[in-house]
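Hi there,

Here is the structure I promised to pass on to you. Have a look at it first, and then read on for my notes.

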Amino acid sequence: MRQALHIHDPESGPQSAPKSGTQSSARLPGKDTAERKTTSWAVRRLTLTDFRNYSTLRLEPDPCPVVLTGANGAGKTNLLEALSYLAPGRGLRGVRLGEVTRRDAEPGTVWAVAATLDTPAGPVDLGTGLEPDEDSAENRDTGQSDNGNKRQNSGARRVVHINGQSARPGALGEWGSSVWLTPDMDRLFCESAGSRRRFLDRIVAGFDPGHATRTSSYERILRERARLLREKGGHADPAWLDALEETLAQTGIAIACARREMAALLNCACEQNHGPFPMPRVEATGDVESWLDQGPALDAEERFHAALAETRGHDAESGRTAHGPHRSDLEVHMRVGESAAEAASEVIARECSTGEQKGLLISILLAVAELIRGARGAAPLLLLDEVAAHLDEERRAALFERLGALGAQAWLTGTDPAQFAGLSGRAHFYHVADGAAAAV
Ligand SMILES: Nc1ncnc2c1ncn2[C@@H]1O[C@H](COP(=O)(O)OP(=O)(O)O)[C@@H](O)[C@H]1O
Ligand SMILES: [Mg+2]
């Protein structure tokens, strides 16, 4: 089975999805689109309720970059985290939903984020939060539900409303788009492959919400096969195992193909936008990827299917699955040279300096934003936590220029307003302190 990366087209989404003049396939923004009037997703009203250190907060920003400054611990990252919940997924901190409710909130209350967004299809009202749970007041401290089972407050679901109608969290992806860069991501290139895989998967899912569904169903089947092998060993029903492995092979190859196509798009976009930031070359690597290098996707799928059957004994013993895209990596290299044509040598990202690694991440993130704008007709929300602090004057100015050219509503945080002097007159500035944000 060959699965192409579907660059998301809202026209093909559910009936309630926005209708807009978006293109149905990825298009790198080049000269032909440079003059095109750019729209962007922009938050025009934001309300937080019992969200981390905010009891209530209401902002009405302009559709331009937004700068949040304030002391350490003031709540700047919390605000970006609130915005990240306007997209599908687990938010930029990836924590349990129950952790987010304000510690001193009234018993029984839960966090909520509501926003009105400008989108290419017109304004949309989005609301999300923790599902109100009758037990949650008593359970917040004890972690017990009334039937006595251990239960985390976070066990509750996320609720989503779109234009007043209840919706799946995944449906948020039809209406908005956001990408983020946080200090936690500084160690991405030195961490385990899993963090980089999730990073790439989040990027792919920003284009094709179906990718998130495929990765979670792949992981579910992987666990089911591991359980069968563990509990039944050689006595597991071979027909059932084979059916699981066939689905794993199909889904796994679809996931690997989507990651490879995304990597190719990213490399093109990075080459086109070479500025003072280092130029990355990204590549999804692993056994499945090398099979895809050697022949058609159908052959790779058969090889993967056969490898799963062959390694049952080994996998039963190790408790792990030896082959598959769950073991792949996203390799990032820094290309060395003045331009794409001259970039003859490269350095693996984990051996680059901290500043170079940050620059590589910025390059990737800006490329993702360009690609989303090209494919969906609008630049995503950019959540840039403490990014300016790490850049020298030239790079900071270049970042602000790129944000301006993208037309994105970027949300930037920092402790020192002087870092953002280059955005004076082009951004909406807020000072964050004591659970409030005051326009300055
Ligand atoms: N659930 C919560 N309830 C109340 N306060 C919280 C909660 N979670 C985090 N905080 C507080 O938020 C503050 C950190 O906010 P953060 O946005 O990370 O600060 P910064 O402005 O440095 O980015 C800390 O003081 C922390 O105690
Ligand atoms: Mg912070």
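Let me start at the ligand, where a backbone N or O atom of G75 lies 2.9 Å from an oxygen atom of ligand 1. Please keep in mind that this is a predicted model. A polar side-chain atom of R93 also lies 2.9 Å from an oxygen atom of ligand 1. With E99 the contact goes to a nitrogen atom of the ligand, 3.1 Å from a backbone N or O atom of that residue. On its own, ligand 1 has 580 Å² of accessible area, and the protein covers 76% of that.

The shell around ligand 1 has 16 residues, of which G73, K76, T77, N78 and R103 come nearest. Sorted by class, the shell consists of seven polar, six charged and three nonpolar residues.

Now for the fold. Six strands make up an open sheet with antiparallel pairing, in the order β3-β2-β5-β6-β7-β8. At its edges are β3 (54-59) and β8 (165-167), each of which pairs on one side only. On average, neighbouring strands of this sheet are turned by 20° against each other, direction ignored.

Within the sheet, β5 (residues 112-118) and β6 (residues 124-130) run antiparallel and are joined by six bridges. One pair to look up is V113, whose bridge partner in β6 is T128.

Finally, helix α2 (residues 76-84) lies across β2 (42-51), β3 and β5, and runs at about 110° to β2.

Happy to talk any of this through.

Best wishes

Key
Residues are numbered from 1 along each chain as its sequence is written. Chains are lettered from A and ligands numbered from 1 in the order in which they are written. This is a predicted model: local features need pLDDT of at least 70, side-chain atom pairs count only at pLDDT 80 or more; totals for chains, interfaces and linings use all residues. Side-chain values use heavy atoms; hydrogens and water are left out. Two strands pair if DSSP finds at least two bridges between them. Helices (H or I, at least four residues) and strands (E, at least two) are DSSP runs, numbered from the N terminus. Axes are lines fitted to C-alpha atoms, for helices over the stretch in contact, and angles run from 0 to 180 degrees between N-to-C directions. Contact means heavy atoms within 4.5 Å. A residue is near a molecule or strand if one of its heavy atoms lies within 4 Å of it. A polar contact is a pair of N or O atoms within 3.5 Å; within protein, one must be able to donate a hydrogen and the other to accept it, and residues adjacent in sequence count only if both atoms are side-chain atoms. Accessible areas come from the Shrake-Rupley method with a 1.4 Å probe; for residues, only the protein chains shown count as cover. Ala, Val, Leu, Ile, Met, Phe, Trp, Tyr, Cys and Pro count as nonpolar, Asp, Glu, Lys and Arg as charged, and the others, Gly among them, as polar.
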